[in-house]
Amino acid sequence: MKRIEAIIRKTKFEEVKEALLQSDIDWFEYHNVHGIGQSRQERIYRGVQYSTDVIERVALTIICRDPLVEQTVNVILNVAHTGEIGDGRIFVSDVIDTWSIRTGENGDTVLRDKK
């Protein structure tokens, strides 16, 4: 099993969410995050100057079986891509084990098969 963590633009979240739900991923968690990137510029929007050093993003966390990792990463890469600085990052790490709190089962069998 793998844990996929993706930090994406807030403006791309709905598109990524729909694409993940249409693929074989049927559950993930997300939350709003703030980060500091390397681009530090002052921008003007509607006459108001603001700094871009603190960036609002959405963090997605997905746990999936190994065969679905590449497909899941590709969905995020394709849908979240704008080609501009600040598109985000994807991190993949190993998950040693998992348990279902309700049933007490453990292992990748607790990840629901899409029927």
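Two strands are taken as paired if DSSP finds at least two bridges between them. Strands are DSSP runs of E with at least two residues, helices are runs of H or I with at least four residues, and both are numbered from the N terminus. With that in place, Lys2 stands opposite Cys64 in β5.

The model shown here is predicted: local features need pLDDT of at least 70, side-chain atom pairs count only at pLDDT 80 or more, and totals for chains, interfaces and linings use all residues. Residues are numbered from 1 along each chain as its sequence is written, and side-chain values use heavy atoms, with hydrogens and water left out.

Let me begin with the sheet. β1 and β5 run antiparallel and are joined by 8 bridges. They belong to an open sheet of 4 strands, ordered β2-β5-β1-β6, with antiparallel pairing. β2 (29–36) and β6 (88–94) stand at the edges with a single partner strand each, so one side of each is left without a neighbour in the sheet.

I turn to the helices. Contact here means heavy atoms within 4.5 Å. α2 lies across β1, β5 and β6, and runs at about 0° to β1. For such angles, axes are lines fitted to C-alpha atoms, for helices over the stretch in contact, and the angles run from 0 to 180 degrees between N-to-C directions.

Finally, the largest nonpolar core has 18 residues, of which Ile8, Leu20, Leu60, Ile62 and Ile76 touch the most other members. Its largest share, 5 residues, comes from α2. Such a core is a set of buried Ala, Val, Leu, Ile, Met, Phe, Trp, Tyr and Cys residues joined through side-chain atoms within 4.5 Å, where buried means under 20% relative accessible area with a 1.4 Å probe, protein chains only.

Conventions
Buried means under 20% relative accessible area, exposed over 50%, partly exposed in between (1.4 Å probe, protein chains only).
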